Amino acid sequence: MDKSPMSFRAEREISNESEISRRSAPRNDNPETLVIGIDGGGTHTRGRLAAARGEMLGSGQAGSANPHANGYPAAQTEILAAIQRAFEHARIEKQMVAAACLGIGGVDRSDERARLTEWVQTVIAPNAQVMNDGEIVLA
């Protein structure tokens with residue numbers, strides 16, 4: 001059965017309204033289905049919140065996450081700020097997630113990775129990988 005242009009347009013508008021209302025409604029995703037990716041460099045930090053199945057839900061930015069530039073506390077603050085903004089963008093309450101991968105500028109030695117990994121597993125995700133930002137690629 002052929003649809004008239006008017007009915008097609010009406011269906012598209014209804015679909016668009018549903019999409020807008022879905023995006024504006026706060027989400028309550030299960031933390032076991034959420035993952036975080038961080039690209040933390042010397043000038044800025046980008047965070048991505050995604051569903052484990054691959055759907056990007058939110059993104060956020062913050063300042064430098066290089067612990068050699070401003071110290072570990074400042075780097076951790078910027079990482080958390082990028083994550084908070086990603087959760088806000090996704091309209092999901094900030095929470096621990098299932099897994100996280102962080103590429104952080106200046107983190108080259110195993111002791112640096114271990115220090116940040118322990119912190120990440122405590123405040124961001126129990127399953128975490130921390131590496132130098134040159135080792136990651138974020139879409």
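**Close-up views of a predicted model**

The model is predicted: local features need pLDDT of at least 70, side-chain atom pairs count only at pLDDT 80 or more, and totals for chains, interfaces and linings use all residues. Residues are numbered from 1 along each chain as its sequence is written, and side-chain values use heavy atoms, with hydrogens and water left out.

**View 1. The protein has 4 helices and 5 strands.** Helices (H or I, at least four residues) and strands (E, at least two) are DSSP runs, numbered from the N terminus. Their order from the N terminus is α-β-β-β-α-α-β-α-β. Of the 139 residues, 38% are buried (under 20% relative accessible area; exposed is over 50%, partly exposed in between; 1.4 Å probe, protein chains only).

**View 2. Five strands form an open sheet, ordered S3-S2-S1-S4-S5.** Pairing is mixed; two strands pair if DSSP finds at least two bridges between them. Strand S3 (56–62) and S5 are the edges, each with a single partner strand, so one side of each lacks a neighbour in the sheet. From one strand to the next, the twist averages 10 degrees (axes are lines fitted to C-alpha atoms, for helices over the stretch in contact; angles run from 0 to 180 degrees between N-to-C directions). S1 and S4 run parallel, joined by 6 bridges. Isoleucine 36 has alanine 100 in S4 as its bridge partner. H3 packs on the sheet and touches S1, strand S2 (45–51), S3 and S4. The direction of H3 makes about 140 degrees with that of S3.

**View 3. Aspartate 39 lies in strand S1 (residues 34–40).** Aspartate 39 is buried, at a relative accessible area of 17%. Its side chain makes a polar contact of 2.7 Å with that of arginine 46 (N or O atoms within 3.5 Å, one able to donate a hydrogen and the other to accept it; residues adjacent in sequence count only if both atoms are side-chain atoms).

**View 4. Helix H4 (residues 110–123) buries one face.** Glu112, Leu116, Thr117, Trp119 and Val120 are buried in H4. Down the axis of H4, these buried residues fall within an arc of 165 degrees, so they line one face (the arc is that of directions from the helix axis to the C-beta atoms). The face turned away carries exposed Ser110, Glu118 and Thr122. The cover over the buried residues includes helix H2 (67–70), helix H3 (72–90), strand S4 (99–104) and strand S5 (127–131).

Notes. Expected span 1.5 Å × (residues − 1). Contact = heavy atoms within 4.5 Å.
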